[in-house]
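This report is meant for a reader meeting the structure for the first time.

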Amino acid sequence: MAKKIPFNVVFASDEDVNFPASELNTHGPTVHGWRSTVDGSLTTHDIILRFQQPAKIYRIQLLAHQYLIPEKVELWLHYSPKSLPSTPSSQYFDFLGFVALADNANTNYKSRELQSVTVTPRRGTHLKLRLIGSQDNEYNRTGQISLLAVNVLGEDLDVGTGSNGNGNGNGEDHIGSEAPPLDTATGELALASICDDLLFSMYVEESIVKYIRELEQRKTLAVSSERFEYARKLKLCMTALRTAGERLGRYSLAKRQAVQQEDFTTAKLRKEQMEMYRASVLRQLQVQQLLESQGVQSSNDQSCEIYAGGKPSLPPAPSLQEVAHALAEAALSPKSITSQSQDDKSSTDGSLGQASNESVVAVPASSVPAPTVPSALHATPTHTGGWRKSHDEIPQSPRLPSRHSSPMCSRQGSLRRRNKSVPRNSYEDYEERAIPTLRHSNTNEFLRECQGNALLEADPNRGRSRLNDRERRQAALPILVFGSELVEQFYSRQFQDREDGLMRLRNFLKELEVVEVPSNEHAASPNKVARSAALLLHRAVRDAVYSVFSQATETVRVLFLEYVPGRVSPSEVARCVDRLLPELLAKSGDPSARLHTLAQHTILSIAACPEVAEQSLVAPALSRSVGSGTHQRLAMSRLQMLEQLVHTQGISTDKHSGLTCRALSECGCSGIHHPAEPVRKVAERILLLVYKINPRMVRKQLPPDDDITRRNLLYRQLFTEFDKLDLDRKQELLEASKYVGGHSSGDAATPPTDKPTTSSDASRLLKSKSGQGLGLAASSSNGYASCNGKQQYNEQLKRSMLSASNSRKGSASNSESTEDNTPKIHCPFCNWSCAGSDATQLDRHYWKACPFLTKCPQCSQVLEVAALNYHLTTECDAKESYVVCTRCTESVHKQLYELHQMEDYCRELKTGAARCPLCHDDVHLPVDGGWKLHLLSAAGCPGNIRKKNPKKSN
């Protein structure tokens, strides 16, 4: 198996003093890499690597810089046995090929390109990299190029095998037919260790790499001894260690940057942060126990809680502020104060002059989770009796404090200092936020501030940040109305302060808080109060903390439902809604259920305000068209709120209300084309609500109701609901007319009696799209009122089949009828025909022989094969027992769902195709004839028990 081949750089045509070529010898997160000289005259740069021993080369990996990029890199290989002398002048390199590098403009010069080149297995002792040209960009005006890392993968070559070559050093010694070792699972080059990959070693911290190598060796031994539970734990541990190692690599890079900027305070805190996080990770993952340094442990062969649920969770990484706070607590702990030796006292007398009050602050051994720490640290008492220490006296690796004791989580807040003059590297962009340290400082002011948290407990207002000039200009009106103290709570960085501010504002609006206020606050009009509250709430509803957002929405409801009615002018109400509604609509599309539900409830509460309802301020924002690119959660929230408004406020005739038939139908029609099914369902319900009021407007927004449109499952279901509403409306009109007729005939007090509908009434009641009668003499004798749901569906199916047959025949059928007076019956699906006028023959054909139709396996209803899946889940009596397969879209019984997904025919549905429920094959859907070609062809559907009968001509 391939492994990393160690090498040394022996020659470089040129190099930058700060970025020598020797940087390529090692890999790690803090490696600088090689760079050419600035404004150099060379256009071709050569770098020669010498392997520590002859090797067989399989793969070469190159990691380029993010903006100092060469145009291409040529690879040359040389092999010389150890028995022959090798000098740069006598070396002959064999050309392997070249690697072209991208200009990296599409990533805005922020990512690095890794190129892995697999070569034919060759022997080699030297590798030459020839870098040609440079990619010009806005960050590289001088033509400088760089190479961050080089990795060579292969196998060590036996000295005896290597000496059998021809010894001419021409670099053509290669293994002819031998192929590199490949991983049978992935087909890639098989590596002896994952740590040998350049992508791993460049971003994982070195100490973690050592642990992972040891764990890999233990895993190999565990598999050979069939300790599979132990091997599983080792695999999960290595995966978690890699994630932690990448974080430690970013910390080490930040530490190196702080050292370069001579910010030794930050560097020391970074070092402590790395040690604390490394120790906590190794302790939680039980690495020492898994290594079994003291022999086999039976507990490793048993399941434990950490590795029971898959990948183990890592401990939270401590921030720099928590590290400093932990150091301060460890130094100020009363248990750590011991008497100092006489020698230390005498040495301290010369430096501080207070030998009588000197003491030693020591860290107990039990509180040190990782490396050893200094035995004693000097401290001097301040004039207040507290202990102070300098940055050079920070103890190393103290125990990480609990989360509730961290100043990050304290109610009083953290005394964070920011200095934006220092640029942040690319790794820190993925960290929590700004580093909470006092940069470019040689004092211990930051640690003194961390030690002064006791002052915050005595005075909570001490930790509240004051408003800057920009914030004061933004909040000028709220400060004038509510006072600066309440506004500062809204702008505070502590969420508890923001919650208190919202509670005070809510009590003020309810007139339940009795506070002595300045005279100008008494003079504030309701319009100013509402405008000031809207300014503060606009900031609060955008808060990321759920408790703050919950308090903000409650305050918004109090503002519009209790304070605004009868006090605030309509124009000011409109201004407040325009400020708050966009933020609440954005929150209504949040993936979190509690957030979007609370936002919807708040918007509906605003719409219930009389002043808001009179001006129709909410509905127009909800009734806008829903685009197909709108997020599913946002689109569904908007449509659900619009549906609720239709139920509560009704459909209006005011064109500015947003609840007109036209606005609702346009919104619903745009919603039914959304990719998400829940959005389409809500849009269909809105269209049905509008259809009850204005059917013509809704049908005008939809495609024509014909056979081609009804082939679409979406439109078929929608038009079916429309037909039901039309039938109900016509039946109500018919009953009303009968009731009026009964009054005119004499007895006005007698209600209409239930009488069976005659065939002529049914034919007038049911009309097809072409205006022809849908009723049959044989089927309408029982009457529409006496048919149950299944019989009604069958009757409508027969009538639609006859109507389709008549419409498709057209003029040809008319001319044929004139020539031959013999009546014929035709099947509109399979072109079957027979002489005679007996409709029972067509019914018998539908029931037994038509290959285009089938029987429902549950209710024995005759329906089209294409509609069977839809029928089983929405119309059948047993629809509760069926579900739609998310993969192949077939209707499957719930008890057989798991077995169905294991079948071979359960596969993803192709675009523009349907799935046949009989043979489970894909049916491509052209404009007309996809199902006909599948069901009526010579071979026919393999799963259809009905075969196409030859057309009768008698």
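## Burial and a buried pair

In what follows, a residue is called buried when its relative accessible area is under 20%, exposed when that area is over 50%, and partly exposed in between. The model described here is a predicted one.

By that definition, Arg915 and Asp922 are both buried. The two residues form a salt bridge with each other, and the closest N and O atoms of this pair lie 2.7 Å apart.

## Salt bridges in the structure

Side chains of opposite charge can pair when their charged atoms come close. In this structure there are 25 salt bridges, and some of them join into a network that links Arg699, Asp705, Arg710, Asp723, Asp726 and Arg729.

## How helices H22 and H24 meet

Helix H22 spans residues 632–649 and helix H24 spans residues 677–691; their axes come within 9 Å and cross at roughly 20 degrees. Angles under 35 degrees count as roughly parallel, so H22 is described as roughly parallel to H24. The crossing in which H22 passes H24 is left-handed.

On the H22 side, the residues that meet H24 are Gln632, Ala635, Met636, Leu639, Gln640, Leu642, Glu643, Val646 and His647, while H24 contributes Pro678, Val679, Val682, Ala683, Arg685, Ile686 and Leu689.

Which residue forms a salt bridge with Glu643? The partner is Arg685, and the closest N and O atoms of the two are 2.9 Å apart. This pair links distant parts of the chain, since Glu643 belongs to helix H22 and Arg685 to helix H24, with the two residues 42 apart.

The two partners fall into separate accessibility classes: Glu643, with a relative accessibility of 12%, counts as buried, whereas Arg685, with a relative accessible area of 38%, is partly exposed.

Terms used. Residues numbered from 1 in each chain as written. Predicted model: local features only at pLDDT ≥ 70, side-chain atom pairs only at ≥ 80, totals over all residues. Heavy atoms only, no water. Axes fitted to C-alpha atoms, helices over the stretch in contact; angles between N-to-C directions. Helix = DSSP H or I, 4+ residues; strand = E, 2+ residues; numbered from the N terminus. Parallel < 35°, antiparallel > 145°, perpendicular 65-115°, else oblique. Left-handed = near helix turned anticlockwise from the far one by under 90°. Contact = heavy atoms within 4.5 Å. Salt bridge = Lys/Arg side-chain N within 4 Å of Asp/Glu carboxyl O. Buried < 20%, exposed > 50% of the residue type's maximum accessible area, 1.4 Å probe, protein only.
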